[in-house]
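Subject: Structure handover

Hello,

Here is the structure we talked about, with some notes to read beside it. Please keep it open while you go through them.

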Amino acid sequence: MDIPSRTNCNGSKYPCFLFYIKGELSLQHYFHPSKTSAINMFIPIFFILSFLFSSTNAADFCVGDLNGPAGPAGYSCKKTVTVNDFVYSGLAATGNTSNLIKAAVTPAFSAQFPGVNGLGISIARLDLAVGGVIPMHIHPGASEVLVVIQGTICAGFISSANKVYFKSLNKGDIMVFPQGLLHFQINAGKTQSLAFVSFSSPDPGLQILDFALFANDLPTDIIEETTFLDAAQIKKLKGVLGGTG
């Protein structure tokens, strides 16, 4: 439809507009209280067109089909869905903290909880034994919100300008970690700590800095040149974390 052109219709003293549709149909309408037939005809057409162009076939949800592959947008939608797809009980149990970092993260991401597939959310449980730590890491695909349920946790992140933001959090405290920034959590108390963390993605991703440097086959001399650590320290860390090279 062309842009309406204002004109003087048939010499009338009232302004009017001409509407041309594909050069075949024109509709003249005077802005006069007694001449409303054109308006009455145009309004229903307008609402019908608005409905057609604004309608979508978006589904309410897309429970992930874990039998299929996961792509960048998540899993394909499961055909048969039940209420159990929207309920997950995997965060009820305490995580096993008998490990090097004395901590456990129990995820409820789309791979464990297919009901969050495509919804832009997920959650995880964080258990920290005394002295436990979640080392410096990033979530490339999501921002994170942490809420402390039990104990005291020192948590913080480093901005892209290398400014550090950290604080000791107690029961009920909440902290946010922006997407893609290095952050950490440490049990700063003398008892077991518990927190839940939510994410702005059903699959936030994870990269732990220490593992990225020392738990693979990146040559020691390259790490030495890029981190300013000496070879003995690097080889020790590689030995602890299972790296080679």
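Leaving out residues up to four places away in sequence, His139 touches Glu144, Gln179, Gly180, His183, Phe199, Pro204, Gly205 and Leu206, where contact means heavy atoms within 4.5 Å. This is a predicted model, in which local features need pLDDT of at least 70 and side-chain atom pairs count only at pLDDT 80 or more, whereas totals for chains, interfaces and linings use all residues. Residues are numbered from 1 along each chain as its sequence is written, and side-chain values use heavy atoms, with hydrogens and water left out.

His139 lies in the loop between strand 8 (133-138) and strand 9 (144-150), and Glu144 is found in strand 9; strands here are DSSP runs of E, at least two residues long, and helices are runs of H or I of at least four, both numbered from the N terminus. His139 is buried at 7% relative accessibility, and Glu144 is buried at 3%, since buried means under 20% relative accessible area, exposed over 50% and partly exposed in between (1.4 Å probe, protein chains only).

A disulfide, which is counted when two cysteine sulfur atoms lie within 2.5 Å, joins Cys62 and Cys77, with the sulfur atoms 2.0 Å apart. The pair links distant parts of the chain, 15 residues apart, with Cys62 in the loop between helix 1 (37-54) and strand 4 (70-71) and Cys77 in the loop between strand 5 (74-75) and strand 6 (103-108). Cys62 is buried at 16% relative accessibility, while Cys77 is partly exposed at 44%.

Best wishes
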